[in-house]
Amino acid sequence: MSTTAAPHVGHDEVVEPAPPHAAHHTSTGLSNEKLAMWVFLGSECLLFGALISTFLLYRNRPVLNGPSVAELYDIPFTSVSSFVLLMSSLTMVLALSATQRGDATRSRIWLLTTALLGSSFVAGQVYEFTTFVREGFGFTTNLQSSSFYVLTGFHGAHVTIGILILLSLVVMSVRGALPAARAETVEIAGLYWHFVDVVWIVIFTVVYLIR
Amino acid sequence: MAITEERPVLELTTGAEPEPEPLGVFARPVSTKGWRSWLTTIDHKRIGIMYGVSAMAFFAIGGLEALIIRAQLAQPNGQVVDEQTYNEIFTMHGTTMVFLVIMPMLAAFANYLIPLQIGARDVAFPRLNAFSFWCFILGGLFLYSSFLLGGAPDGGWFAYAPNTLTEFTSSHGMDFWAIGLQITGIASLVGAINLIVTALNMRAPGMTLLRMPIFTWMALVAQFLLLFAIPVITVALFLLTFDRRFDANFFNVDAGADPLLWQHLFWIFGHPEVYILVLPAFGIVSEVIPVFARKPLFGYPFMVFSGVAIGFMGWGVWAHHMFASGIGPVSVAAFSLSTMFIAVPTGVKIFNWIGTLWGGRLRFTTAMCFAVALVSQFTIGGLSGVTHAVSPADTQQTDTYYIVAHFHYVLFGGSMFGIFAGLYYWFPKAFGRLLDERIGKIHFALMLIGFNLAFFPMHVLGLQGMPRRQATYAEGMGWDLNNLLASIGAFVIALSFLVFVYNVVRSRNNVTADPDPWDARTLEWATSSPPPVHNFDVEPTVTHLDEWWHRKYAEDEEGRLHRRTDVQLLAGEGAGEAGDIHLPSPSYWPLVVAVALPTIGYGVVYSYWLCGVGAFILLGGIYGWSLEPSVDPGGAHGHELEPGPEPEPTDELATAPEASADEPAESEAAAEAEAVPAGAGSGPSASAASGEEGQA
């Protein structure tokens, strides 16, 4: 953060000048929006925690109907789509860096790339779901199918929301509403995006790789 | 002003302020009076009042349900309602009291008081705050609409699946329950994020964490519990909805599902929920008792850290709700121990309250009576709670009226008594009127007697083996007298509530302009009653715990207390000019977005095209909200406008009183120092956060 804002003198807690785009200081030095995102992500951990626990509870139960999920996994395919999603974290960081430098063009390119990589991941998930359903593994087939689709579906919904946020940022950037001074907006969207990626690492490991 | 499509309020580095281009969906609401202003308000104080009024309305409804239950059980073979109605009534009684009365009532206090107690002008995200309120009220109305739409929920407030699957309860009641609680859960989650950021980030200069008033602390701990507990019930409610509406298999025992899954998910939420319900009430009495004992809170740091400890340990005790479900001896032993341990920090609190009372100059106002009643009645509930921790005894008590007695002692004798203490204590602050003390004492006496009459006999009934959730009981079980007593007690409680309502209505004859009628200790009493929209004309700089007390009183050389002559209020007469305070403007969008949620809910229950409508409103609402600047650039910039998230003026005057950065505020610098006018407007103040929602 640069330090163009008037320095705040005053008391023992606020020693750092506020970032220029927030013409106010906060008790922690973090902006309200960023702190709120961190707090929200803390809550999200429990959401996915509960979903993953549910999946783990049912993973090794006897399958009374239809195929079990382990028979259906296409690990190479999912590995590729996981790799695509992880790469989107890299492009997200590049987008933030470009925005902070005030390079609007690159910022837009990287934001769009991130959205595109995210979309590829979601498309891969749609493909995976349709394949599974075609092989007789529907949402209501058995315990595993319900918990598998709900867990990965919730994650896919999070990625989709992230894509919407990224596209909104691109529109903002085109309208000139995303100058370097507001790079924090991209940073906060990035926090969300990285979180969704990290959750996928956990899901991919626990759901697909560890049997 | 119309909706604008960019964020023109923030100063860009170029220094240019982009001109807003109106999109014109809604005219920006401007009124500050009349019913419409309540729909669009984002003032934390008005939202707090709306929370309180709606929660009290739900309290009356939940109370009526309790009266039906007690009328049914007053005598053996009761015929007041049939079994199905009885199931619906007790389900809705519990659900209402937990989710629609105590939680929003405590949200009311937290909303109203946290910004005032930490010296802020509003919460961090005022529009999200309004959104929380609308989600709560619409979720509650959605839940209650089930009565008109073919049957209320009938599976208990805990909704044990698989018992709540469609094959066992075929009406739409439990769908309404799951989706309604989902919506109020969004309210709680968003509110928790908002209040956590407020308390952590928006404290006045010098307000270190360990100078925060104890109510703010306890409310903060409760918000953290909400933050982590709500997602767990969210998942549970989703799974239940998927099972009921889309034939998923999460609780379908025929498909091999585990019937304990729901119990674990529900109680991992449910036990922290208990502390969500009671910790803020502890905070309230920890404010009330010192004021009326005229002593500082005994062991303030212990109170803070025992609250935090309860918050942590509250996550490790949930399975004591499941001792009878066959979770195995190791789990039972572990959870027995952890449950006994959690009584320790609770005991610390009890003894600290006694320590505060000890040797104090006690004034038994109504607020103080309720506070002391909490200490004693909650202790009884806490002791019966420890008996549940002893698992062999618990196996005997499970599903009997002993449990009912226990949780009414902690939730009514704890939370509700705390809430009434807080209502009597802060009523003059919020409304500029005093509640009548004589009528208040009648209210208190009736409520205390009625409460003990209603719930104490249930201990005995439970130990005699009377089961919960049964619509009738036979003659000759030896339960007749105690049931009759409990029913009489319930009606006495109802009478006491009418006395309270009368007291509130009558208070309009009892106007006081006194900003500090109790000679209190915390910052909310340093501003006028009711406080101005912007809370404080001058931003306080805090040098002490119990800041306002230290501003009012000093010790002379011999250590005798004397009242300062130069006490300065922070708002109202003689406080100095408020200057140019930018406060966010009212908005329709929170209400619009909130309306989308029950629309989707009805869609899930009845017809999926409604979901599409709801999703459209939701998406449109979110974008409208994001594009609307939180401060209306065309609005007035004065007092009469609206509260701001972080409206500290940027000029140094406001933030640079005597204490400098290296001279931490423990300096004896008497606190009058900062009566520096907050900013005769050198520069537009901050810019409210327009990014407040875009990222979520």
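A residue is called buried if 20 or more other C-beta atoms lie within 10 Å of its own, exposed if 12 or fewer do, and partly exposed in between, with C-beta atoms placed from the backbone. The model is predicted: local features need pLDDT of at least 70, side-chain atom pairs count only at pLDDT 80 or more, and totals for chains, interfaces and linings use all residues. Residues are numbered from 1 along each chain as its sequence is written, and chains are lettered from A and ligands numbered from 1 in the order in which they are written.

Figure 1. Buried residues account for 45% of the 211 residues of chain A. The chain has six helices and zero strands, where helices (H or I, at least four residues) and strands (E, at least two) are DSSP runs numbered from the N terminus. The mean pLDDT of chain A is 89, and 89% of its residues score at least 70; pLDDT is the predictor's confidence in each residue, from 0 to 100. Residues 1-23 of chain A have pLDDT below 50, and this stretch makes 56 contacts in the model beyond near neighbours in sequence. Two residues are in contact if their C-beta atoms, placed from the backbone, lie within 7 Å. Where pLDDT is low, the predicted coordinates should not be read in detail. Among the elements of chain A, the mean pLDDT is lowest in helix 2 (residues 69-72), at 90, and highest in helix 4 (residues 104-134), at 97.

**Figure 2. The bend in helix 12 of chain B.** Helix 12 (residues 401-431) bends by about 45° at B:Tyr425, with B:Pro428 following within four residues. The bend at a residue is the angle between axes fitted to the seven residues ending there and the seven starting there. Of the 31 residues in helix 12 of chain B, 29 are buried. After the helix comes B:Gly432, with a positive phi near 70°.

**Figure 3. The largest nonpolar core.** This core holds 252 residues, and B:Ala236, B:Val285, B:Val288, B:Phe370, B:Ala371 and B:Ala421 have the most contacts inside it. Helix 6 (residues 214-246) of chain B supplies the largest share, 24 residues. A nonpolar core is a set of buried Ala, Val, Leu, Ile, Met, Phe, Trp, Tyr and Cys residues joined through C-beta atoms within 7 Å. Beyond neighbours within four places in sequence, the contacts of B:Ala421 include B:Ile284, B:Ala367 and B:Leu374.

**Figure 4. Surroundings of B:Val593.** B:Val593 belongs to helix 16 (residues 589-605) of chain B. B:Val593 is buried because 24 other C-beta atoms lie within 10 Å. Leaving out residues up to four places away in sequence, B:Val593 touches B:Phe131, B:Leu618, B:Gly621, B:Ile622 and B:Trp625.

Figure 5. Although not a glycine, B:Asn535 has a positive phi of about 70°. B:Asn535 counts as buried because it has 28 C-beta neighbours inside 10 Å.

**Figure 6. B:Asn77 in a loop of chain B.** B:Asn77 is placed between helix 2 (44-73) and helix 3 (83-117) of chain B. Its phi is positive, about 55°, although B:Asn77 is not a glycine. B:Asn77 is exposed, since 9 other C-beta atoms lie within 10 Å.
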